[in-house]
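The sequence and the model come first.

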Amino acid sequence: MIADLSNPALFGAFAVAAGLILGAGMRMAGLADRLADRTGLGEALVGAVLLGAATSLSGTVVSFTSALDGRASLAFSNAVGGIAAQTAFLALADLLHRRANLEHAAAELANVFQGALLVLLLTLPVLAFAGPEVTFLGLHPVSFALPVLYIWGLRATRTVREFPMWKPVQTAGTRSDDPEQDDDPSRSTAAIAAEFAGLMALMGAAGWIVAQAGGQMTDRLGLSASLVGALLTAVATSLPELVTTLAAVRRRALQLAVGGIVGGNTFDTLFLAISDAGYRDGSLYHAVSSQDLFWLGIGLVMTVILLMGQILRQKDGPAGIGLESVALLTVYGGAIVVQILI
């Protein structure tokens, strides 16, 4: 078992699991792009639902297993820390797309709506933290509200995409979400979906290893659970989002890149409901520390910055990226410094 490993072997297991998550994520972007074209659902919706949920699977496993072990802070900070890290990844993707600011080029109303939904979902744990500690069937009421609002948001996102009441202005820097020529037409959609599902299973298994190794690191090295969750397990399980985002930008599937991050972050809020179900000592939201809530606030700030960037649609900025990307990297870097100092 992982608990019996020596420290070098423990770090090795963590690194191997992170590598498996990274490798699976590299393959998923291309598969998701093909499925978006073949199903006609569009890059933004497939990115938000399929790619976002799939690449978040390992993080789900980390938060749930940590909660089962009674590690409320690790479970919570892994979820909200991943949201902050993944939003910062969009700024790195902006550096790769040199034609125009990524948020300008990837104009898509569905992604804007998903961002607003994410802000709503992130405010609910704040209300739970500040409110009375009540549970029903072992769960806080917010844990029931999160999946309901998430499902409603997915249906509303599809409506926004198919029957938009607002449309972005098309400019020379805007990349439209048009189906591309299939580079492997002989392969069935079912086969592509099956490979995607297999990669999801691999990422789930790797996520379990990351969770167990992260818990052991917390105990053996005397590290803060918030630090391990927000900056170690969260970043490790967020590697698929980084790889799939960069891969999507290279394929010029820009709406998929943005949708995968925003949709993945929206899905990540469900980690909290799942973790609350796994945590058996009361409400998860009342077992976390102010450091965990700090990362929730950082995720909210970064999401709002991204939303404003999508609406403003600045075409050019410093170093060829948008001001929102500069702000995202600044906020995330500052948060890391604060976390280390406290």
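1. Basis. This is a predicted model, in which local features need pLDDT of at least 70 and side-chain atom pairs count only at pLDDT 80 or more, while totals for chains, interfaces and linings use all residues. Numbering runs from 1 along each chain as its sequence is written, and side-chain values use heavy atoms, with hydrogens and water left out.

2. Fold. The protein has 14 helices and zero strands (DSSP runs: H or I of at least four residues for helices, E of at least two for strands). Of its 342 residues, 54% are buried (under 20% relative accessible area, 1.4 Å probe, protein chains only).

3. The largest cavity has a volume of about 50 Å³ (a set of points on a 1 Å grid over the protein atoms alone, where a 1.4 Å probe fits but cannot get out). The volume is the space filled by probe spheres set on the points, which are joined across faces, edges and corners.

4. Lining. Twelve residues line the largest cavity, and Gln 86, Thr 237, Ser 238, Asp 268 and Phe 271 lie nearest its centre (lining residues have an atom within 4 Å of a point). Helix α4 (72-96) and helix α9 (225-237) each supply at least two lining residues, and α4 gives the most, with three.

5. Val 337 is found in helix α14 (residues 323-341). Val 337 is partly exposed, as its relative accessible area is 46% (between 20% and 50%).

Terms used: 1 Å grid on protein atoms, 1.4 Å probe; cavity = no way out; pocket = protein on both sides within 12 Å on 5 of 7 lines; lining within 4 Å.
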